[in-house]
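Hello,

Here is the structure I promised to pass on to you. Please open it next to this email, and I will walk you through what turned up.

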Amino acid sequence: RAENTLMTRLMFLAAAVFLLSAPASASQGDKEPVYRDCVKQCLRTNCTGARLRGFQSSQPPYMALTGWTCRDDCRYQCMWTTVGLYQAEGYSIPQFHGKWPFARFLCFEEPASALASLLNGLACLLMLLRYRSAVPRQSPMYHTITAFSLISLNAWFWSTVFHTRDTYLTEKMDYFCASAVILYSIYLCCVRTLGLRRPAISSMVGALLILAFTSHVSYLTFVSFDYGYNMAANATIGMINLLWWLCWCWLNRRILPYWWKCGMVVLLLHGLALLELLDFPPLFWVLDAHAVWHLSTVPVHFLFYSFLIDDSLHLLNTEKPGVKLD
């Protein structure tokens, strides 16, 4: 009964994190008349005729390459004008277009989150290389884990791009690639826990997950880009993944001496997601709760791949005629 109560609380907290972290289509800051009037005036003054050509000729190449326009620059400058007025009147800092105000660094719109995403990607790449050097290709999970790593690297790449420059395309790629990682993690779990002895089950689950991903992306692309639905769907899949791995860890705790690494990883990943609940204006206009969350997950890659290496070598050593896979 105590375990059920704990699981219920974990599910509630995880769902709350994802639902509360869903960005809004409009926020207090960009609804302010002073902000809207400022943007309109800036567009009329700086983004037409000779002024526009002057802006384009003086714009640094890295800003042009990342798609920063005169309109974007107006919105950025007017955002800080509005923030200054809020601070002068003693009001709390507002969000703009679903996001906190961030100090732009070069072309990086959210510098800390972009750096954190890059570090996660580098950690993932480093550990993939270590995995491939430590585990022979004959290991039963080798190709599945390699595919998972490549999908994760792709997701961290798009996360870095999105936090560098938030556009229609980069936002979609960030969300869709993150969903792909979450769904493939279910497949990874299924292959490890069931598919090695019953390949037909993992094939069926894989087909269902591909169908689910296709439907998910199609709905968000062609019907409605619903942030709440997207977060709730990812939270649900994440909880299935959490409970599935924890059950497997518990059942194998006396057989596999490294089981605790897996249990620690899934608990850390879901526990660290609670950092999103600390939603606060960026410290020094750079470091917000989302960046802290991404930074905190960097070390988890090392523990996760340590488990994958131990487990893959264990499977390789026990994959003999008459030997039962765990």
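This is a predicted model: local features need pLDDT of at least 70, side-chain atom pairs count only at pLDDT 80 or more; totals for chains, interfaces and linings use all residues.

Let me start with a question: which helix gives the largest share of the nonpolar patch?

Of the 326 residues, 44% count as buried.

Now back to the question. Helix H7, residues 111-134, supplies the largest share of the nonpolar patch, with 6 residues. The patch is made up of Leu115, Leu118, Leu119, Leu122, Leu125, Leu129 and Leu295, and together they have about 580 Å² of accessible area on the surface. Leu295 sits in helix H13 (residues 289-296). With a relative accessibility of 35%, Leu295 counts as partly exposed.

Lys31, Arg36, Lys40 and Arg44 form a positive one, and helix H3 (residues 33-46) contributes its largest share, 3 residues. Lys31 belongs to helix H2 (residues 28-31) and is partly exposed, at 48% relative accessibility.

Side chains of opposite charge can pair when their charged atoms come close. A search of the whole structure gives 9 such bridges.

- Arg165 is in the loop between helix H8 (142-164) and helix H9 (168-195), while Asp72 is in helix H6 (residues 70-88), so the pair ties together parts that are 93 residues apart in sequence. Arg165 is buried, with a relative accessible area of 9%, and Asp72 is buried as well, at 17%.
- Lys261 and Asp310: their side chains meet in a salt bridge with an N to O distance of 2.6 Å. Since Lys261 lies in helix H12 (residues 259-272) and Asp310 in helix H14, this pair ties together parts that are 49 residues apart in sequence. Lys261 counts as buried at 13% relative accessibility, whereas Asp310 is partly exposed at 26%.
- Glu171 and Lys172: here the side chains form a salt bridge at 3.4 Å, N to O. Glu171 is buried, at 12% relative accessibility, and Lys172 is buried too, at 10%.

Where does Leu106 lie? Leu106 is in the loop between H6 and H7, and its phi is near 55 degrees, a positive value in a residue other than glycine. Leu106 counts as partly exposed, at 43% relative accessibility. Trp285, in the loop between H12 and H13, has a phi near 60 degrees, again positive in a residue other than glycine. Trp285 is partly exposed, with a relative accessible area of 24%.

Thr318 and Ser139 are 179 residues apart along the chain, and their C-alpha atoms are separated by 10.0 Å. Thr318 is found in helix H14 (residues 300-318) and counts as buried, at 16% relative accessibility.

Finally, the record. The unreviewed UniProt entry lists residues 141-161, 173-194, 206-225, 231-251, 258-278 and 290-308 under "transmembrane region". I compared two of these spans with the model. Residues 231-251 are 100% helix and 0% strand, with the end C-alpha atoms 30 Å apart. Residues 206-225 are 90% helix and 0% strand, and there the end C-alpha atoms are 25 Å apart.

That is what I have for now. Happy viewing, and do write back with any questions.

Best wishes

Note on methods. Residues are numbered from 1 along each chain as its sequence is written. Side-chain values use heavy atoms; hydrogens and water are left out. Patches are made of residues with over 30% relative accessible area and no salt bridge: like charges are joined within 9 Å, nonpolar side chains (Val, Leu, Ile, Met, Phe, Trp, Tyr) within 5 Å. Accessible areas come from the Shrake-Rupley method with a 1.4 Å probe; for residues, only the protein chains shown count as cover. A salt bridge is a side-chain nitrogen of Lys or Arg within 4 Å of a carboxyl oxygen of Asp or Glu. Lys and Arg count as positive and Asp and Glu as negative; His and the chain ends are not counted. The place of a charge is taken as NZ of Lys, CZ of Arg, CG of Asp or CD of Glu. Helices (H or I, at least four residues) and strands (E, at least two) are DSSP runs, numbered from the N terminus. Buried means under 20% relative accessible area, exposed over 50%, partly exposed in between (1.4 Å probe, protein chains only). UniProt positions are given in the numbering used here, feature names are shortened, and annotations may be inferred rather than shown by experiment.
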